[in-house]
Amino acid sequence: MLFRSGGVSASTTIIDTSRGVPSYQITPDNYSVVEGNSVTFTIRTTNVLAGTTVPYSISTNGSVITGGLTGSVVLDSSGSARISIPTQIPSSWLGNQNLSVSINGTVDGSYVNTSSPTVTLTQPTPTYRLSAASGSVNEGQAIDFTLTTTNVKSGTSVPYTITGVSAADTSISLNANLVVDASGLARISVPIVADNLAEGTENLTFSVTGSGGPSPVYQ
């Protein structure tokens, strides 16, 4: 057997498993969204492990969010995640609202401070359609009117005016309000007083006027 002096050695390869500096990007699907729809963002990362939980917070200057202002998502195998934020039509006109999402805190051992671009929330255009149950009515009877709306929040008060007759011709006010229900409808029955006076034919007109928000469409 041959022995050599000077010692022996062995070597191995060290593989670099460091992921590099993590990065985060939050991008909205759309930069303008009509209230009542969901606002969707995508979080994209680099050098962050799949399965990592990423907390986020929502910033907005109006009461249009149906849920909380914080949440979290889990990154998929591509290092991405989706955030969907439901919104609602506010009870009163607030003007256009701004909404953004941010990550601010420690994620996967690193401090993260990044925000999305701002999404503008716009109120949908309300529509009002008024219909009468009949084209004519006799004194002593009532005529029913139905207001059908879209994009008008339940509980909204809509002013109405009755013209073409005097206050003595009906037992309800000539100027008051209807209240829109959860189906977007408001109904009213207008009684016509039988006064036994020969007044000739009268034309009763029932009108509504939407208030607040974008200019309504009357159909």
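Tutor: Happy to! The secondary structure of the protein chain comes to 16 strands and zero helices. Please keep in mind that this is a predicted model.

Let us start with the overall form. The C-alpha trace spans about 140 × 30 × 20 Å along its principal axes. The radius of gyration of the protein chain is 32 Å, while a compact globule of 219 residues would have one near 17 Å. Of the 219 residues, 33% are buried. Among contacts with a separation of 6 or more, 63% are between residues 24 or more positions apart.

Now to the rings you asked about. Searching the whole structure turns up three aromatic pairs. One of them joins Tyr-160 and Phe-206, and this pair is stacked, with 4.9 Å centre to centre and 25° between the planes. The cut-off for calling a pair stacked is planes under 30 degrees apart, so the 25° of Tyr-160 and Phe-206 falls within that class. Tyr-160 and Phe-206 are both buried. Phe-145 belongs to the picture as well, as ring pairs link Phe-145, Tyr-160 and Phe-206 into a cluster.

Asn-151 lies in the loop between strand S11, residues 142-150, and S12. The phi of Asn-151 is near 60°, a positive value in a residue other than glycine. Asn-151 has a relative accessible area of 34%, so this residue is partly exposed.

Asn-47 is placed in the loop between strand S3, residues 39-46, and strand S4, residues 53-60. Its phi is near 60°, again a positive value in a residue other than glycine. Asn-47 counts as partly exposed because its relative accessibility is 33%.

Gln-123 lies in the loop between strand S9, residues 119-122, and strand S10, residues 127-132. Gln-123 counts as buried because its relative accessibility is 15%. Leaving aside residues up to four places away in sequence, Gln-123 touches Glu-35, Ile-89, Pro-90, Ser-92, Trp-93, Leu-94, Asn-96 and Pro-214.

Terms used: Residues are numbered from 1 along each chain as its sequence is written. This is a predicted model: local features need pLDDT of at least 70, side-chain atom pairs count only at pLDDT 80 or more; totals for chains, interfaces and linings use all residues. Side-chain values use heavy atoms; hydrogens and water are left out. Helices (H or I, at least four residues) and strands (E, at least two) are DSSP runs, numbered from the N terminus. The radius of gyration is taken over C-alpha atoms; the globule rule is 2.2 Å times the number of residues to the power 0.38. Buried means under 20% relative accessible area, exposed over 50%, partly exposed in between (1.4 Å probe, protein chains only). Contact means heavy atoms within 4.5 Å. Rings of Phe, Tyr and Trp (its six-membered ring) pair if their centres lie within 6.5 Å; planes under 30 degrees apart count as stacked, over 60 as edge-to-face and the rest as tilted.
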